[in-house]
Amino acid sequence: MNDRLNAICREAADRLQKAANRRELTEARREILGRHGALAQQMQELRTLPEEERAAFGARINREKRLLEEAFARREAEMEEQELTERLTAETIDVTLPAAKIQDGHRHPITRIMEEIQNLFISMGYEVVEGPEVEYDYYNFEALNIPDDHPLREEQDTFIINPNILLRTQTTPVEIRVMERQRPPICAIASGRVFRSQEAGTVSSPNFHQIEGLVIDKNITFSDLKGTMAVFARNMLGSTRVKFRPYKYPYNEPSAKMDVTCFHCGGKGCPVCGGEGWVEILGCGMIHPKVLSMSGIDPEIYSGFGFGLDVEQIAMLKWGIDDMRLLYENDESFLAQF
């Protein structure tokens with residue numbers, strides 16, 4: 001057993017010298033000094049010795065174990081010091097070099113447009129309201145005078161979760177919720193993401209943003225709507241003229257599309273407006289009496305108007321962006337322009 005113990009001590013000294021890093025050192029410590037290491041096995045073999053030899057040999061094993069533990073501790077401390085020295089050398093900072101420039105971030109173009117529109121309508125007395133993106137079919141369609149057999153359901157084919165729940169195709173459901181819980185006068189705008197089952201393209205996306213406005217009170221007329229939209233166009237786009245074209249929305253009566261004089265050519269005709277001098281920016285109209293009734297508002301007493309616009313479209317028109325997908329690709333060279 002003495003020969004075996006001497007061999008273990010020689011092996012330990014050899015591995016201490018050859019260990020290139022702390023991982024190898026830890027492995028050597030485990031195999032020699034660990035619970036199931038070589039010295040532990042020697043202790044187990046003490047029972048095979050005559051009783052008069054056990055005490056002396058056990059004392060020698062403990063002495064050798066203590067010496068090896070001290071040697072391993074010294075070697076580990078040397079390695080730690082060497083690693084620290086190497087790291088400090090590698091991480092030395094030359095304080096005479098110019099500092100690295102930190103690039104400041106900024107708001108995304110979509111966020112900027114949404115904030116501008118919201119701030120404009122807040123200054124006109126509107127309240128900003130929000131609602132769920134996962135919506136009931138009733139609020140997204142039924143309450144807007146769009147029954148199951150209405151053709152608009154095909155145009156706004158959306159992502160269906162189950163027969164009664166879907167991803168909203170517009171922010172109008174938020175306005176219906178406001179109409180249900182609040183009595184007129186009501187003056188609010190709703191903004192957020194909406195979803196349509198359509199391909200991503202230059203002017204379309206399955207996920208985009210809308211802002212819709214709602215005003216309900218006594219004696220609200222189409223003239224109030226026209227004046228509000230003119231203020232919006234002038235402040236957001238710099239346009240001084242607006243034009244309303246008849247259109248059909250099931251939740252408005254009457255309803256219209258609103259155009260503004262092209263802010264790139266001033267109405268003379270250019271590629272942005274297709275040579276017509278006018279650019280369509282939103283849909284609007286007087287709230288249908290049936291929609292008022294379904295929300296618990298008496299259409300004989302109250303009237304109102306609503307409008308809705310796509311935020312991405314306003315951003316594209318305002319900054320001359322020709323592909324909606326650029327707004328979502330996180331291209332720093334593109335976003336840095338804004």
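**View 1. A mixed, open sheet is built from seven strands in the order β1-β5-β6-β10-β9-β8-β7.** Helices (H or I, at least four residues) and strands (E, at least two) are DSSP runs, numbered from the N terminus. Two strands count as paired if DSSP finds at least two bridges between them. At the edges lie β1 (127-129) and β7 (242-247), each of which pairs on one side only. From one strand to the next, the twist averages 25°; axes are lines fitted to C-alpha atoms, for helices over the stretch in contact, and angles run from 0 to 180 degrees between N-to-C directions. The model is predicted: local features need pLDDT of at least 70, side-chain atom pairs count only at pLDDT 80 or more, and totals for chains, interfaces and linings use all residues. Residues are numbered from 1 along each chain as its sequence is written, and side-chain values use heavy atoms, with hydrogens and water left out.

**View 2. Strand β10 (residues 303-310) runs antiparallel to β6 (residues 207-217).** Eight bridges join β6 and β10. I211 has L309 of β10 as its bridge partner, and I216 stands opposite G304 in β10.

**View 3. Strands β9 and β10 are also antiparallel.** Four bridges join β9 to β10. Here M286 is bridged to F305 in β10.

**View 4. Two helices are shown with the sheet: α8 and α9.** Helix α8 (residues 172-181) lies across β1, β5 (186-195) and β6, running at about 30° to β6. Helix α9 (residues 222-237) packs on the sheet and touches β7, β8 (252-261), β9 (278-287) and β10, where contact means heavy atoms within 4.5 Å. The direction of α9 makes about 150° with that of β9.
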